[in-house]
Amino acid sequence: MGEKVKLAMLLGGGAILGSVSTLALLKLLSRRGQKYIKEDFSLQGDGLTRDMTKKDHSLNGDHQRVDVDMLKDEIVSEQLTRNIQFFGLDSQQQVIKSYVVVIGLGGVGSHAASMLLRSGVGKLLLVDFDQVSLSSLNRHAVATRADVGTPKAHCLKKHFSSIFPESNIEAKVLLYDASTEEEILSGNPDFVLDCIDNIDTKVALLAACVGRGLKVLSATGAGARADPTRIRIADLRESTNDPLSRAVRHRLRKDHGIEGGIPVVFSLEKPKVKLLPFRGPNGEEENPSDYQIVPGFRVRIIPVLGTIPAIFGQIMASFVVTQLARFQVQMEPVVNLDMDHYKILHQRLIEHEESLYGTATHVQVDVEEVMYVVKELWHGRSAREQIAKDVGRAMWRSINELMLVRWDRAQPASVANLILLKFKEADEHEQRTLDDIQKEEPEFFTRVTSVLKRASVDFGL
């Protein structure tokens, strides 16, 4: 009985201590609210109006002026404590110092922006020309019925100011085009998120980011899909089953000579449903272009399961935040091979070892480990190709030209000593020493050794 009393007293004391600390924190927050939460919007009539008489806390494009000492504030450090524990203090400082532009604030963009804010990004520029609609509430991150009819950019800024008021949030009700490019992309942002669903605008934005040397992450079609397990991040060239990606790839290559190098979030899932027919006020099917407010922007309705664009946005935010924090994450590669292909490569390795060394006893990998080497390390392509040239069925055919060989002939054929090369490249590799490669191709040497070091870590070698 005595033990139960002691336990009850301990629990009671802990509860009291927790309540006291919570009250103290709330009092501190209320005192500081006057300093940080400065509402600069007011509801007038049926819309949201910006009060231009109050001070604008944006950084006017100079993101280097973000308060780098923000984490010294006890409220901020407590709010971001889980991120600090995950990344470390120095890496979280990098996030705090960052400036990110999010263009397109619908189902994808609103969730991406929301998690960037909650992750501590020090400055956000939110851009969208559109307004919150009632039908968009099934997928928007923060909008409520009270926000319907207000600009999406203003809606986000209003809600964000109560989530993380220390962040510098700038909202622009703009359509991205050539005339607004400088206003939106100036200031040397650390990352640009393309969450636009219009092909012309998306292509123009991506081309501008490439031309300016800006890091950009693009979202492809999230509508008409239902399987969250098939969402991936890969190079634009590797995205499949997505009509939007296909059209963007074609236009970037044709109009701007851009072959790849742009990471995109996409779904491997084929669209489950089609665009709904457009019906006018009288209920009859009509030409959608007759109702376009902005030329080139769709009017027909894409059925959307709200969870999928939200997941797209969350994935985008996770990708960007880890990049800003310089936290290494190895994305699962898109490799369209089945087990038979890995068996072929394994058998090819054994035969090559027997022909070159007279025995295959030094082959220290099985088919499952061959799958790791091919898929995880070399992404189903030659170690000499940094950008995928073969995807889908073309990748299936390309396997006929590939084989695994030892990187260092003095070491056994293990997961940490195998590279994937084309037949001709493999023959040339066998004629050279590592010293020759290091001297003549230092970048290639460094890249391969870095990849193989990762295999050593993964397998504890």
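A nonpolar core is a set of buried Ala, Val, Leu, Ile, Met, Phe, Trp, Tyr and Cys residues joined through side-chain atoms within 4.5 Å. Keep that in mind for this tour of a predicted model.

**Stop 1: the cores.** Select Val100, Leu116, Phe160 and Leu193. Of the 48 residues in the largest nonpolar core, these touch the most other members. Another core lies apart from it, with 34 residues, including Val363, Val370, Leu377 and Phe444.

**Stop 2: Phe160.** Beyond its neighbours within four places in sequence, Phe160 is in contact with Ser110, Ala113, Ser114, Leu117, Leu124, Leu126, Val142, Pro165 and Ile169.

**Stop 3: helix H8.** Select residues 199-212. At 1.5 Å a residue, these 14 residues should span 20 Å, and the end C-alpha atoms are 20 Å apart, which agrees. Start at the N-terminal end, where Asn198 is the cap: a side-chain oxygen lies 3.3 Å from the backbone nitrogen of Asp200. Along the helix, the buried residues include Thr201, Lys202, Val203 and Leu205. Their cover includes strands S3 (99-103), S6 (191-194) and S7 (216-219), together with helices H7 (181-185) and H9 (243-256). Just after H8, Gly213 has a positive phi of about 70 degrees.

**Stop 4: H11 and H12.** Select 339-357 and 367-377. The two helix axes come within 9 Å and cross at roughly 100 degrees. H11 is therefore roughly perpendicular to H12. To see where they meet, show Met339, Tyr342, Lys343, Leu345 and His346 from H11, with Val367, Val370, Met371, Val374 and Lys375 from H12.

Definitions and conventions:
Residues are numbered from 1 along each chain as its sequence is written. This is a predicted model: local features need pLDDT of at least 70, side-chain atom pairs count only at pLDDT 80 or more; totals for chains, interfaces and linings use all residues. Side-chain values use heavy atoms; hydrogens and water are left out. Helices (H or I, at least four residues) and strands (E, at least two) are DSSP runs, numbered from the N terminus. The expected span of a helix is 1.5 Å times one less than its number of residues. Buried means under 20% relative accessible area, exposed over 50%, partly exposed in between (1.4 Å probe, protein chains only). Contact means heavy atoms within 4.5 Å. A polar contact is a pair of N or O atoms within 3.5 Å; within protein, one must be able to donate a hydrogen and the other to accept it, and residues adjacent in sequence count only if both atoms are side-chain atoms. Axes are lines fitted to C-alpha atoms, for helices over the stretch in contact, and angles run from 0 to 180 degrees between N-to-C directions. Angles under 35 degrees count as roughly parallel, over 145 as roughly antiparallel, 65 to 115 as roughly perpendicular and the rest as oblique.
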